[in-house]
Amino acid sequence: MEKKTLSAKLLASPHIVWSVLFIIAPLIMVAYYSFTNADGNFTLENIKALSDYKEVFLNSIWYGIVATLICLVIAYPTAYFIARSKARVQSTMIMLVMLPMWTSLIVRTYSIMSLIENTGIINSFIQKLGFEPIQMINTSGAVILGMVYDFLPFMILPIYSVLTKLDNKLVEAAHDLGADKITVLTKVVLPLSRSGILSGITMVFVPSVSTFYISQKLGGGNFALVGEIIEGQFVTSNNFNLGASLSLVLMVLILICMAVMNHFSGDEEESSGGLMP
Amino acid sequence: MSRKMNVSSKIYLGLVYFFLYAPIVVLIVFSFNESTSTSVMSGFSFKWYGELLRDADTINAVKNTLFIAVISSVCATILGTAAAVGIDKMRNKYLRSAIMNTTNIPMMNPEIVTGISLLLLFAFSSQLLGIKNALGLHTLIIAHITFVLPYVILSVLPKLHQMDHHLSEAAMDLGCTPVKSFFKVVLPSIMPGILTGFIMAFTLSLDDFVISYFVSGPEWQTLPIRLFSMTKKRVKPDMYALSTLIFFVMLVLLMLINFMQARGDKKKEKDK
């Protein structure tokens, strides 16, 4: 018996070797490149250069927060209504939420682009009505729209999966004890769906902060976000070391944001209600 | 918590689905446009699809994408299933959570960080080995296996938990070797998890843009990368056609997963 479990455990070893080689070692490489120059000598230049990018980082986080909040406001009622609909319809509705999620981000970003372009469908419609075309693409609004559109399903799904498991008896009990609809929502439903809200926030915030194609395609390079700067270091200016230090900071910043969020939403039940406007 | 919906919630849901699908529908409609315009429909035609079929770069990208998806999802499924069986047997809590946390890193990290960290590893090791161009098919496959692995492990592990461990012991009491009992008892009962993991791995690999973008090198374009480079030129409906095709492939794959899950649920109910 002992021998059998040992050999079974050994089955995990190729995976462990793989993880060390291709998950841990690459992360060490990011740190190594951050602290060396092109010749491989130790330097703090890349870290010092980061101060030039303070605004870029703040900008990215700000865009990420705005997009995440908009997603949350749209997604919570959506998930709530889906969870309350008939069981037969529910699985279809959820599949319709998942489908865009599984379609390439490039395709989705591209479909938004084709709508709001200067010669796109919305503007040609506006012109047909006899108005001046509106500049929509290459604005900050377009970047936010792209983020919301691309990542909205990532917010709906986790909230839905928590809400659908919610015990309806709790809601009924609250009603029986005299709570009105709003009180039930803020005191029972929202606190119980906190874990879904939190994972939704993570799943929208992380890709929004680090995206490069959304700001490239919809912002026209006017709104430099950190993802775009990093991509530039690797693809056009070939400065791997600066790119590595920017990624290192991005990784740390996201970790800090997540920790702050978990801290503020973890201590009191009331505070998760505060996430909803 | 299912109850009857009122009208306003139906309208709200309608608007959200409209928001999610209107851009994609526009894209699909204009992929059948006769002219190059992406805002005025002048006539129905398949000509952009025909043009796609004649575009050698695109065809090549499709082949590359499929090849990489098949290889990496098969490798990840084997590696991941073996890993899940091993992890399931581990009783050391710390070792177990250390392995799981490491496995989950590619899922938690921003994709761009995963992409560039692998790129740096490949750049560094090629410098060590004195190879000039390190990026290519092998780096794409390594990267894809790495980021789809957690999804395979996470879909196989729960099936192993649900499994009745007395069954494999019974098989061995009845004279099966451990290996035989694994293939005759364990493998069939975790098969649905393995299949779900495989299809997820396959789909994620097909779909990936960000990570592939950094590790692909100039010679190996995948479909999402091809699409990305196509958007650099003036907007033309052939990209719409390509996007439409990708959309429908994903639709079919997703329906397949749903169907398999529904069948699995039904079987579970029957067993009860």
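Predicted model: local features only at pLDDT ≥ 70, side-chain atom pairs only at ≥ 80, totals over all residues.

Me: Is Ile11(B) buried or exposed?

Reply: A residue counts as exposed when its relative accessible area is over 50%. Ile11(B) has a relative accessible area of 53%. Ile11(B) is therefore exposed.

Me: What separates the C-alpha atoms of Ile11(B) and Leu223(B)?

Reply: Along the chain, Ile11(B) and Leu223(B) are 212 residues apart.

Me: How many residues does each chain bring to the contact?

Reply: Both chains take part. Chain A brings 86 residues. From chain B come 81 residues.

Me: Which helix of chain A gives the most residues to the side touching chain B, and which three residues supply the most buried area?

Reply: Arg84(A), Trp102(A) and Tyr110(A) supply 11% of the area that chain A buries against chain B, more than any other three residues. By residues given, the top helix spans residues 13–34 and gives 16 residues. That is helix H2 of chain A.

Me: How much area do chain A and chain B bury between them, and how much of it is on carbon and sulfur atoms?

Reply: The buried area between chain A and chain B is about 7,600 Å². The share on carbon and sulfur atoms is 77%.

Me: How many salt bridges and how many polar residue pairs link chain A and chain B?

Reply: Salt bridges between chain A and chain B number zero. Polar contact is another matter. With both residues at pLDDT 80 or more, the residue pairs in polar contact across this interface number eight.

Me: Which residue lies over the face of Phe228(B)?

Reply: Ring pairs link Phe228(B) into a cluster with residues including Phe212(A), Tyr213(A) and Phe209(B). A residue of chain A lies over the face of Phe228(B), 4.4 Å from the ring centre. That residue is Lys217(A).

Me: Are the rings of Phe198(B) and Phe202(B) stacked or edge-to-face?

Reply: The structure holds 29 aromatic pairs over all chains. In this one, the ring centres of Phe198(B) and Phe202(B) are 6.3 Å apart and the planes lie at 25°. Planes under 30 degrees apart count as stacked. So the pair Phe198(B) and Phe202(B) is stacked.

Me: Why are Phe198(B) and Phe202(B) about one helical turn apart?

Reply: Both sit in helix H8 of chain B, residues 178–207. They are four residues apart there, so the separation is about one helical turn.

Me: Which is Phe202(B), buried or exposed?

Reply: Phe198(B), at 27% relative accessibility, is partly exposed. Phe202(B) has 16% relative accessibility. Buried means under 20%, so Phe202(B) is buried.

Note on methods
Residues numbered from 1 in each chain as written. Chains lettered and ligands numbered in written order. Heavy atoms only, no water. Phe/Tyr/Trp six-rings, centres within 6.5 Å; stacked < 30°, edge-to-face > 60°. Helix = DSSP H or I, 4+ residues; strand = E, 2+ residues; numbered from the N terminus. Buried < 20%, exposed > 50% of the residue type's maximum accessible area, 1.4 Å probe, protein only. Lys NZ or Arg CZ within 6 Å of the ring centre and 35° of its normal. Contact = heavy atoms within 4.5 Å. Buried area = accessible area lost by both parts, 1.4 Å probe. Salt bridge = Lys/Arg side-chain N within 4 Å of Asp/Glu carboxyl O. Polar contact = N/O pair within 3.5 Å; in protein donor to acceptor, adjacent residues only side chain to side chain.
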